[in-house]
Amino acid sequence: ATLIRREDYTQPSHWIRTVDLSFDLDPAKTLVINKMTVEPNPEQPGAPLRLDGEDINLTRVLVDGEPVSFRVENQQLVLENLPSQAFGLEIRTTCAPEKNTQLSGLYTSSGGFFTQCEALGFRRITYFLDRPDVMATYKVTLKADKVRFPVLLSNGNLVEEGSLDGGKHYAVWEDPHPKPSYLFALVAANLVRREQRVRTRLGHEHLLQIYVRAGDLDKTEHAMNSLIASIAWDEHTYGLSLDLERFMIVAVSDFNMGAMENKGLNIFNTKFVLANPATATDVDFGNVESVVAHEYFHNWTGNRVTCRDWFQLSLKEGLTVFRDQQFSQDMAGSPSARAVKRIEDVRTLRQLQFPEDAGPMAHPVRPDSYLAIDNFYTATVYEKGAELVRMMHTLVGEQGFRAGMKLYFERHDGQAATCDQFAQAIADANPGSELAQRLDAFKRWYSQAGTPRVQAHGEYNAEHRQYTLRLTQTCPATPGQPSKQPFVIPVAMGLVAADGRNLELHLEGEALPRGKNTVLVLSEAEQVFTFVHVPAEPVPSLMRGFSAPVVLETELGDDALFTLLQHDHDPFNRWEAAQKLALRRLLRAVRTTGQTEVDEHFVVALRAVLRHPELDAAFKELVLTLPSEGYVAEHLEVVDPQRIHAARETMKLQLAHALHDDWVWAYEQHADNGGYSPDATSMGRRALANLALGMLCLDGATRHNPVWVGRTLQRFKDATNMTDRFGALAALVNSHAELADQALERFHAQYKDEALVIDKWFSLQAMAPEKDGQVFARIKALMQHPDFTLRTPNRARSLLMALCQSNPAAFHRADAAGYVFWADRVIEIDGINPQLASRLARAMDHWRRLAEPYRSAAQEALKRVAAKTDLSDDVREIITRALQ
Ligand code: B3K
Ligand code: ZN
């Protein structure tokens, strides 16, 4: 395979206007007849037509009904001497869905047929111009055995159905909206459905359906509610209405990622659609809500306006993540619940995207080249892409952003567009805005990789009552980009006095103060902002709400951070202050003795938050949760995962002990919530109760005091919802309590038929804090468990990603056993499912920063994988970049 470059984009040689597809579905051999109308692109007269195809058998090619000569080379069907006017092209192929373990194209899962076409799956179904800028209308005929596959679905509207000879039946679907091939979908399976009719603001009636396996119908209510809320939200917020009579969601248990926005027929990983209180946790409920919304929002941002080429992926993904984040914040309601959601999103960004931007896979939000596009469905394209949209939103304001979206659709509805065109539309709708004035510089966010560093230095002049804030920015080199130009960074900020007042912000030279919160725009390498009429030396509260995806290098001392934690009007920065205080202590320990000593001041401050009469439980839970080991590692030049683990575990234990009575209080105040409801307030209460219980159980288990361990087991048994039951189980497992094994066994027996719960059972054990090698040994043993399989991505991830990505201390072992295990699994899975293998391969992204002996051992494991000659492009790309 060859490297594909953004610069090399050219229009296709032909346009495909209509597609008439017919499927004779058989797991062993499915016949696909594809009749297209094709038009030569006048920009490229006489060019041959090269259609993509992969793992399919070609049986016939007809042009305007006549056989023609053709050749197949490099997985392309090449046709020359074609008519110079529009013509009909018919292609017959067969494929073997039951052998398709890659889960890309047409495959079987639990006996049904499902498809996944983004990014390059459609070519595994038929020969096609499999690129997003070729948009056609589709008519699809499905034929299959009536008993085994009673439900036959495809995009758009059902126009005909009926019986056929030999126990078969058929259905014909027509999608009126032209779409790229990656949005095609079909489902043929034995499923049941929940459905609901809704009337939208425009007065149109729509049929909403959620298809699942028979036992899962009682887990579809939340997804349906989320879908209805998403439809209403998009109409209300952006004036975007559902454009189809029917909107379907189908759940499938074998799926490579979260879900897929196929036009009118979203296909979902069961994990992101099924939820009821007995089997799903609050986190699952939240994920279902946001993924249902995300896929629904794609109907406009992705489907109505799609991407010109795959380098523009963030055009739809960054924007749609931003929209689903906005939606979830609106659903959460109160300002405090909104802040909690923002903190969670930033935590994800820092956990996944910052490390990516600092490693061998660093790439711009709009990448410049790729070997396997599936490797670029990354945290950078998604989450950092969403931050770019958020910054535009900040720079033009809420109303300005809506006007920008309106203009974007006026200009590009029905088109395949670019990131540039999106930014241009937002700027053009807001002439005179900070964005419009600096659009070219702003767009560096799309082209430059790396996480910028912002340094802030403040000086107070008591005599002139002035405060000068000097902001500078730098950005580390990334692969292929040794130096960077300055970014346009919105710095939302305020000034907090030592007595806790949030001060009026009056910038020098401006007639009026700006209130207690403002946005400074840092667009040069260095800028100075002077505030006047400042009554006393303030503590700067910068990057409020995390107003840009940067690292703020603060010079603030502990006292200043304690002030912010206590008094900042911005909840995000209150949380951030606590994180910084904890991080500072952890880093000090890792760099020196390896042992943390939590000081009284820190404990007192945390206690004040925990016992605070006004703060929400959800917010308290976030403040009281220590930064992850991965986040600590991000701040070190040389990473010793064992030292980080030891320091963090010690600190956790000390906080468990020092705040013992406070944890008891918190648990007792929040443990009883009556009936289950997935609203933000009760979710926060459950989260805090579970954190407290975890601390109490840890403290008890460590001191061999059976009281709280016993109570935890009792809670585990008595719980009436999965959040509480799993929280108690996690408390036992994570504290290595003796009762943990008994509880695990009971849990498995109780939920053995609930695949998603069994996934949790695996990952809980795989993510337990490592202790004397026991966790790693258990993971190896679990590989042999009868419920374990590498073929179902959810199950494979529940054990392997949990170990290799989320449990550094179990994975990075001095004897290199973790790396050997990793290399074996990457190679093994690559033979089954390259997309899954390449995700696992990324666990080694950061090997260069590891301390010895880890570093050399990791390199050896990488080289062993690299030496395999038959690796997929997906894994090859990751390993090559890591070793470069
Ligand atoms: N667009 C899909 C992701 C497809 C991934 C292909 N490897 C889901 C989403 O972002 O909504
Ligand atoms: Zn998406």
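Where does Leu103 lie? Leu103 is found in the loop between strand E9 (87-95) and strand E10 (105-109). Its phi is near 60 degrees, a positive value in a residue other than glycine. Keep in mind as you look around that this is a predicted model.

**Two cis peptide bonds**

Next, turn to the backbone at Glu118. A cis peptide bond joins Glu118 and Ala119, with omega at about 0 degrees. Ala119 has its place in the loop between strand E11 (112-116) and strand E12 (135-145). Pro853 sits in the loop between helix H26 (834-841) and helix H27 (854-866).

**Around ligand 1**

| Ligand 1 atom | Side chain with the N or O atom | Distance |
|---|---|---|
| nitrogen | Lys316 | 3.4 Å |
| nitrogen | Asp374 | 2.8 Å |
| oxygen | Tyr382 | 2.5 Å |

How much of ligand 1 does the protein bury? Taken alone, ligand 1 exposes 340 Å², and the protein buries 95% of that.

**A pair of helices**

Our last stop is a helix pair. Two packed helices are described by the angle between their axes and by the distance between those axes. For helix H10 (residues 558-567) and helix H11 (residues 571-591), the axes come within 7 Å and cross at roughly 145 degrees. The crossing of H10 and H11 is left-handed.

Which residues make the contact? From H10 come Asp558, Leu561, Phe562, Leu564, Leu565 and Gln566. H11 brings Arg574, Ala577, Ala578, Lys580, Leu581, Arg584 and Arg585 to the contact. Sorted by class, the contact of H10 with H11 has seven nonpolar, one polar and five charged residues.

Terms used. Residues are numbered from 1 along each chain as its sequence is written. Chains are lettered from A and ligands numbered from 1 in the order in which they are written. This is a predicted model: local features need pLDDT of at least 70, side-chain atom pairs count only at pLDDT 80 or more; totals for chains, interfaces and linings use all residues. Side-chain values use heavy atoms; hydrogens and water are left out. Axes are lines fitted to C-alpha atoms, for helices over the stretch in contact, and angles run from 0 to 180 degrees between N-to-C directions. Helices (H or I, at least four residues) and strands (E, at least two) are DSSP runs, numbered from the N terminus. A crossing is left-handed if the near helix is turned anticlockwise from the far one by less than a right angle, and right-handed if clockwise. Contact means heavy atoms within 4.5 Å. Ala, Val, Leu, Ile, Met, Phe, Trp, Tyr, Cys and Pro count as nonpolar, Asp, Glu, Lys and Arg as charged, and the others, Gly among them, as polar. A polar contact is a pair of N or O atoms within 3.5 Å; within protein, one must be able to donate a hydrogen and the other to accept it, and residues adjacent in sequence count only if both atoms are side-chain atoms. Accessible areas come from the Shrake-Rupley method with a 1.4 Å probe; for residues, only the protein chains shown count as cover.
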